[in-house]
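User: Could you take me through a close look at one part of this model, and then show me what surrounds that part?

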Amino acid sequence: MFAQVKERLLLLFRTGKYAQLSPEHLEKVYQVSKTFLRLNESKLDPLEYYTLLELHYFLCLLTTRDTEAKTALDRFSDRFEAKDSEKLVVLKSYYVEILGKKDALDYLEKAAVPLIQTRPSLTAEPVQHHEKDLRQIEKRKVALKSDSPASYIKNLLEYINDTPLDYESWMELAEQYAALGEYEKAYDCVQEVLVGVPAAYVVWCRAGELCRLMFLRDGRGKEVLQQATRSFMRAIELCELHTRSWCGLLAAARDLKDKKLEAIARNRLEQIVEGRTNDTDVGRVREVLALIG
Amino acid sequence: MPVPDLVLDPALKLWVLLPISVVMVLVGILRSYISVLLQPKMKLQDYRLVREQQHLARLRTYRRNYSIFWTKQELQNRIDFFISEYSGTKYLKELPPSDPNEIKNPLADANSSDLLLQMVKNNFANYVPQTLIMWWVNYFFKGYVVMRLPFNLTGNFKSMLQQSIDTTDLDVTYVSSISWYFVNLLGLKSIYSLLLDDGDIVNQLMAQQQQQPMVPPIAGAGPSADKQFKAELENLQIVPFKSCLEGIESRFAEKWG
């Protein structure tokens, strides 16, 4: 039981899934995490303990438990020193952000100063550090300092130019472009992510959706729509249970007027609804089927 | 001719066997804490270096995973962009030296000299105590037969168990003091894990005792970044294009149709 709960929580943290949970679910996870940490503090090894504490901290923030979040933060500061730890500064900035976006930005600016201070060294020339060396803080700043979609995109591009392997940011950039209706640019970003993680079926699915959006926007040739189908198929090939891809495939097949493909997708989705392979998705699949049917 | 059984003074157990083991355990624990103290701090990396390395890695991932594109043209567009982008010095951490034959002094570089110092420190923390104990055992207990194993062994174990005792006829089950030291050196892992209660430290300790120094890459060695960029771009231009989406419809139809 101990190992199972631990693994579940760690997985939740690693995948970042906790940020997308529904409120009731979030509350449940919060209770589990709270009890688990209280009971097992001594059993966990330090790395796991602090990882779970970080998760707990975010859960507290998401469920608006400020004081408890502060307690978790204090536990971090008991162990690590803020003037040495970039990570801790970033964590704290989330707490400060509750007080106000501007405050968080000010806090980051101030906290960065001791981190990049040149330290005396006996053996070599002391290294001059640049503000941009603090990549985690830079990333956090991108989110905080942007006040409009355009400036957000600009800041993201700047950040990505320095760390092109940060696929999280690429994906965020894609979503920003998509929100502005610039699907071609979004599609390029998604492809960049796919080059990095070619087995990410969720990203394949997103690529397919963007292609379909291009088709819907300007109704141009079937080629984009076919590309959308191919992307959905690839996603399904990588993960047969990914319902969102099946829904996308169904929609794309309908647009293409490909009766056979449509029937396959519809059958499969109905099977999923009946088989209840994935409980959370079933409701949404029903909606989609009702909408398209 | 078999040698008659030796009579071992029971005081040997108390005054030789036990002290050697206790000293080794204590020194081992002390060393593990010293090595924790000596561990290097996380260093802040120059963002220009990170940028350079990540852009290089990006080109490498393109060479590996180009198959996600549907048409060759999509890939070609990107390659063309990369060629114009990466041919200059925009992403290099530092400009390439004007004289191509110039070799950088690895000791002048802060990072590599730190690495070297770290290596020296680790080795120091590793060799010094071992040498000291070995010297101590040899100085006080050289040529001691400290114990007799309760089971029989073949003659091959003689060199392992009876170092520093040069009698060919002595039964192999007798163990010399310096051999006891070696047995301790290699076999104390379970004791450490019991005492230190931390798997990581123990593994570290055992790895250190078995002494395999790692050779870290030193700055100035290997091709410079601008040459690596060039090489990666060339590699990228000659990839044989094939899309992973090719034939996906038939694969799909076969499975679900």
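Analyst: Happy to! A residue counts as buried here if 20 or more other C-beta atoms lie within 10 Å of its own C-beta. Please keep in mind that this is a predicted model.

Let's look closely at helix 1 of chain B, which covers residues 11–38. With 28 residues at 1.5 Å a residue, helix 1 should span 40 Å, and its end C-alpha atoms are 39 Å apart, so the two values agree. Helix 1 of chain B does have a kink of about 30°, found at B:Leu18.

Now for the surroundings of its side chains. B:Val16, B:Ile20, B:Met24 and B:Gly28 are buried in helix 1 of chain B. In general, an α-helix has 3.6 residues a turn, so residues three or four places apart point the same way.

Next, the contact between the chains. Chain B brings 26 residues to it and chain A brings 25 residues. On the chain B side, the elements that give two or more residues are helix 2 (47–65), helix 4 (110–141) and helix 10 (248–256). Helix 2 of chain B gives the most, with 10 residues. By type, this side of chain B divides into 13 nonpolar, 7 polar and 6 charged residues.

Finally, the partner chain. Chain A has 15 helices and 0 strands, and its C-alpha atoms fill a box of roughly 70 × 45 × 35 Å along the principal axes. Of the 293 residues of chain A, 30% count as buried. Among the contacts in chain A with a separation of 6 or more, 45% come from residues 24 or more positions apart.

Note on methods
Residues numbered from 1 in each chain as written. Chains lettered and ligands numbered in written order. Predicted model: local features only at pLDDT ≥ 70, side-chain atom pairs only at ≥ 80, totals over all residues. Helix = DSSP H or I, 4+ residues; strand = E, 2+ residues; numbered from the N terminus. Expected span 1.5 Å × (residues − 1). Bend = angle between axes of the 7 residues up to and from the residue. Buried ≥ 20, exposed ≤ 12 C-beta atoms within 10 Å, placed from the backbone. Contact = placed C-beta atoms within 7 Å. Nonpolar A, V, L, I, M, F, W, Y, C, P; charged D, E, K, R; others polar.
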